[in-house]
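Reader: I would like a close look at one part of this model. Please keep it brisk.

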Amino acid sequence: MTDAEGGPGPPDGSDRRTAMIITPYTGDRRAEALDLGVRAWAPVFARTRPAVPGFVYRSFYPDGWEARQRSDLSAILDGEPQNVDLALVDDSLAGWVCTRLHPEDRMGEVCVLAVDPRHQRRGVGTALMEHSFERVRAAGMAMVMVETGDDPGHAPARAAYEARGFERWPVARYFKDLDGP
């Protein structure tokens, strides 16, 4: 899951980067973090749906993408709050990241990166990624991994990750409709 930090900066050419702090997640920001996650992924899912086979989309999101997104993000915020960090701009939640460690592979994972659309392309996603990288380094891991979709909705995320030096590992994932031919 990703933000849309990739692509050009503001159309007027200004530098709209703002001062922010990154701080550990606290449960009192749970509702804000969930709402931000839905706002951040709304444009992604709008562009992803036409690119995914209908039976797959219906299976993954039988109650709609928003319900699934809230459920998945709730599981992270409730189940591993110690892995979540928040980016605050003027005490307003601008984004958040969940960093997991996989010591068996000497690897960290940027599990979730969500940036409020109002703060995208202002350095929030980059700062959260760098914070995640520091968590991974401090734990003695050798590399960091992130996953995202290969559909049009995730194109900005792919660009952002590649701009930060991530290298792609080609993976093919196939689905078959058992009710179809």
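Is Thr99 buried or exposed, and why? Please also describe what surrounds Thr99 and the sheet that holds strand β3.

Author: This is a predicted model. Thr99 counts as buried, because its relative accessibility is 2%, and the cut-off for buried is under 20%.

Start with the location. Thr99 sits in strand β3, which spans residues 92-102.

Next, the surroundings. Neighbours within four places in sequence are set aside here. Thr99 then has contacts with Asn83, Glu109, Ser132, Arg135 and Val136.

Strand β3 belongs to an open sheet of five strands. The order is β1-β2-β3-β4-β5, and the pairing is mixed. At the edges are β1 (21-24) and β5 (143-146), each of which pairs on one side only. On average, neighbouring strands of this sheet are turned by 30 degrees against each other, direction ignored.

One pairing can be followed in detail. Strand β2 covers residues 84-89 and pairs with β1. The sense is antiparallel, over four bridges. Ile21 has Leu88 in β2 as its bridge partner.

Last, a helix. Helix α3, residues 65-79, lies across β2, β3 and β4 (107-115). Relative to β3, helix α3 runs at about 75 degrees.

Definitions and conventions
Residues are numbered from 1 along each chain as its sequence is written. This is a predicted model: local features need pLDDT of at least 70, side-chain atom pairs count only at pLDDT 80 or more; totals for chains, interfaces and linings use all residues. Side-chain values use heavy atoms; hydrogens and water are left out. Helices (H or I, at least four residues) and strands (E, at least two) are DSSP runs, numbered from the N terminus. Buried means under 20% relative accessible area, exposed over 50%, partly exposed in between (1.4 Å probe, protein chains only). Contact means heavy atoms within 4.5 Å. Two strands pair if DSSP finds at least two bridges between them. Axes are lines fitted to C-alpha atoms, for helices over the stretch in contact, and angles run from 0 to 180 degrees between N-to-C directions.
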